[in-house]
Amino acid sequence: MTMRQLGLSIYPDHSDFEANKAYLELGHKYGFTRIFMSMLEVKGTVEETKAEYQKIIDVGNALGYQTILDVAPRIFDQLGVSYSDLKFFADLHCAGIRLDQGFDGATEAMLSYNPYGLIIELNMSNNVDYLNNIISYQANTSYLYGCHNFYPQVGTALPYDFFVECSKRFRRYNIHSAAFVASQVGNMGPWNVNDGLPTLEADRRLPIEVQAKHLWAGGLIDDVIIGNAYASEEELAALAAIDRYQIQFHLDFVADVNEIEKTVALTPQHFRRGDINRTVIRSTMPRVTYKDVPNTPHDNTEVFQKGDVLVGNDGFGIYKNELQIVLEPHAEPRKNKIGSISPDEIMLLDFIKPWSKFKFIG
């Protein structure tokens, strides 16, 4: 898998250059390196269009972004661009073009050998033999990317199982891939309906960093792009802060958590034991590292619920200071409840497989 990137979306036909420039500068501050730029409609002349897009793309290039233009077949016609010559797009200084609609396979394969080194990004949100067909025409896979759609209308984005099937087709060939998350404050997209612009319907109203964790948890997506503009600085900072390569749970500590329990939760590199069970996710190394540190039992007899985080107390013998995450409700006085995973992140527990690495932030 290649390095995972964060991206922003820009809609030049619906926005102001200075606002876009400020947004890209803010994204650069937080380590964003990709731009999805919509070119699904052209309002001016060819020269006006070229000047408008080149101006903002050059800003992105100076900041270290990689810009991919989203284009449809009608745009080629409007601009007088031939599929056999992509010079118009190369002159815009973009890194590549995303084909919003597919062709016959042979066309995409030929485009991947364009002399300008432009990336040809394919639509990933269809579970058909599209990619295999392109590969069969001996495409230059080093210049093929994949990117899912986003869905402005509430209720129309992809269900997770379908997203997985579509994405697996691209992962099989190790094609660089991307999907979208939705800002909860951005109100700009390509169309006049904007209920957020996520790839996954389940993610539409979640905090933006949880959406990104969800996309990355399955190991099928390289890059996460904010679909709508403009995301808030708080959202950019939240995305920048998460670990892109392992699940990082937000842990809400209980009031009587003690120092060893905080240390057990926040310090080690956790991983799930390989010999799994249905009741809890076990991180057993802390009990070795902190075996000599006392841990007084808490004064509670509650039934632990899914998402609760537990640490073995002094009454648990060899299992003292072992960390566990509850999967099935149970009661056990030899374990102290030290906190709970944020409710929005409970779904991420499904991605903690045998030997999966994970961390907590308090």
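**A cavity and the overall build of the chain**

The largest cavity in this predicted model is lined by Tyr11, Pro12, Asp13, His14, Ser38, Leu40, Glu41, Tyr53, Pro190 and Trp191. The space inside this cavity amounts to about 50 Å³. The count of cavities of 30 Å³ or more comes to one.

The chain as a whole contains eleven helices and 15 strands, and its C-alpha trace spans about 75 × 45 × 35 Å along the principal axes. Of the 362 residues, 54% are buried. When contacts between residues at least 6 apart in sequence are considered, 77% join residues at least 24 apart. The accessible surface comes to about 15,300 Å², and carbon and sulfur atoms account for 52% of this area. The charged side chains comprise 33 positive and 46 negative ones, with the centres of the two sets 8 Å apart.

Several features of the backbone occur in loops. The peptide bond from Ala229 to Tyr230 is cis, with omega near -5 degrees; Tyr230 belongs to the loop between β8 (223–226) and α9 (233–241). His93 is located in the loop between α4 (87–91) and β4 (96–99), whereas Asn321 is in the loop between β12 (308–312) and β13 (323–326). With a relative accessibility of 38%, His93 is classed as partly exposed. Asn321 has a relative accessible area of 0% and therefore counts as buried.

Notes. Residues are numbered from 1 along each chain as its sequence is written. This is a predicted model: local features need pLDDT of at least 70, side-chain atom pairs count only at pLDDT 80 or more; totals for chains, interfaces and linings use all residues. Side-chain values use heavy atoms; hydrogens and water are left out. Helices (H or I, at least four residues) and strands (E, at least two) are DSSP runs, numbered from the N terminus. Buried means under 20% relative accessible area, exposed over 50%, partly exposed in between (1.4 Å probe, protein chains only). Contact means heavy atoms within 4.5 Å. Accessible areas come from the Shrake-Rupley method with a 1.4 Å probe; for residues, only the protein chains shown count as cover. Lys and Arg count as positive and Asp and Glu as negative; His and the chain ends are not counted. The place of a charge is taken as NZ of Lys, CZ of Arg, CG of Asp or CD of Glu. On a 1 Å grid over the protein atoms alone, a cavity is a set of points where a 1.4 Å probe fits but cannot get out, and a pocket is an open set with protein on both sides within 12 Å along at least five of seven lines; lining residues have an atom within 4 Å of a point. Grid points are joined across faces, edges and corners, and a volume is the space filled by probe spheres set on the points.
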